[in-house]
Amino acid sequence: MSLSSYLSPTRLLEGYLRRCLTAAGLTSQTLSIDSETTIHFWGPSSLDPSIDDKPVMLLLHGFGPSAMWQWRRQIQAFSPSAFRVYCPDLVFFGDSTTSSTNRSEVFQAECMAKLMEKLGIEKKFNVVGTSYGGFVAYHMAKMWPEKVEKVVIASSGINMRKCDSESLLQRSNCECIEKVMLPSTASELRTLMGLASSWKMLRMFPDSLWNDFISNLYQKNRKEKIELLKGVTLGRDEKSNIDPLSQEVLIVWGDKDQIFHVKMAYELKEILGDKTELEIIEDTSHIPQIECAQEFNKIILRFLKGSQ
């Protein structure tokens, strides 16, 4: 049984999130970056001159709900006091869309770079990506080293191999990746949240609530999101196919991550080079920016701006 839109907990929570982001100085905006693609994002008003001298932070979300669901605590912590924050929805998430047939994470990186250019961001900017957003952040740093200053890769197995994908399917007891990352039933969403979060209280949520989440957060652009999963270029082979980055890089990981095991974080540090730091947050799973937001924010702030 689905809940009406008037009683939907998801819709009510979405309204709360919007008010939080607005209170943090961001506004909901939409921008056509080319003839095919339109990006929705949360960003500061162009009429606010007080943020011009702040360092720029680009937040890239993971697979799942739109950006504001995944970065609320970081936006509240960093905007506008410490950073000029931009928080876009990746293509086919939220209200971002395209008529292009390209579905790779490299295409997502190209779209994010076009967005920053359209916004007139002339100085270097910092990129923070979690999970799928980490894939996008890696490609942005690799393709535009002259634009990307520092990189944060959180809970993101960009060094994944084909066997890592197969192991995830075994842990989730699913036959295909879309069953894991794009749940269509209460049971599938409960499985995903069990892998992504260490919060045991989630197990007590009734099916009606899980179904409400699915209806409001997982149904839109479902076909295109499946294509995005199949279009990921990383992890197709039995050998990691990433290169070191020229920027300073921070890797943040939860030690209980069941999507990308923590061993991948240590391997990734060795691959990305001498300018790479690694921070492991204890008793945390795949979404440390939500589960341990205060510690996550402190780690990010220290790396990007120095202790304050």
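**View 1. The whole chain, inside and out.** Of the 308 residues in the protein chain, 53% count as buried, meaning under 20% relative accessible area with a 1.4 Å probe, protein chains only. This is a predicted model, where local features need pLDDT of at least 70, side-chain atom pairs count only at pLDDT 80 or more, and totals for chains, interfaces and linings use all residues. Residues are numbered from 1 along each chain as its sequence is written, and side-chain values use heavy atoms, with hydrogens and water left out.

**View 2. Helices, strands and overall build.** You'll find 12 helices and nine strands here; these are DSSP runs numbered from the N terminus, helices being H or I with at least four residues and strands E with at least two. The radius of gyration is 18 Å, close to the 19 Å from the globule rule for 308 residues, so the chain is as compact as a globular protein of that length. That radius is taken over C-alpha atoms, and the rule is 2.2 Å times the number of residues to the power 0.38.

**View 3. Strand β8 and its neighbour β7.** Six of the seven residues of β8 (residues 248–254) are buried, so the rest of the structure largely encloses this strand. Strand β7 (residues 148–154) runs parallel to β8, joined by five bridges; strands pair if DSSP finds at least two bridges between them. Look for Lys150, whose bridge partner in β8 is Glu248.

**View 4. From β8 across to β9.** Six bridges pair β8 with β9 (residues 276–281), again in the parallel sense. Ile251 has Leu278 of β9 as its bridge partner.

Methods. Buried means under 20% relative accessible area, exposed over 50%, partly exposed in between (1.4 Å probe, protein chains only).
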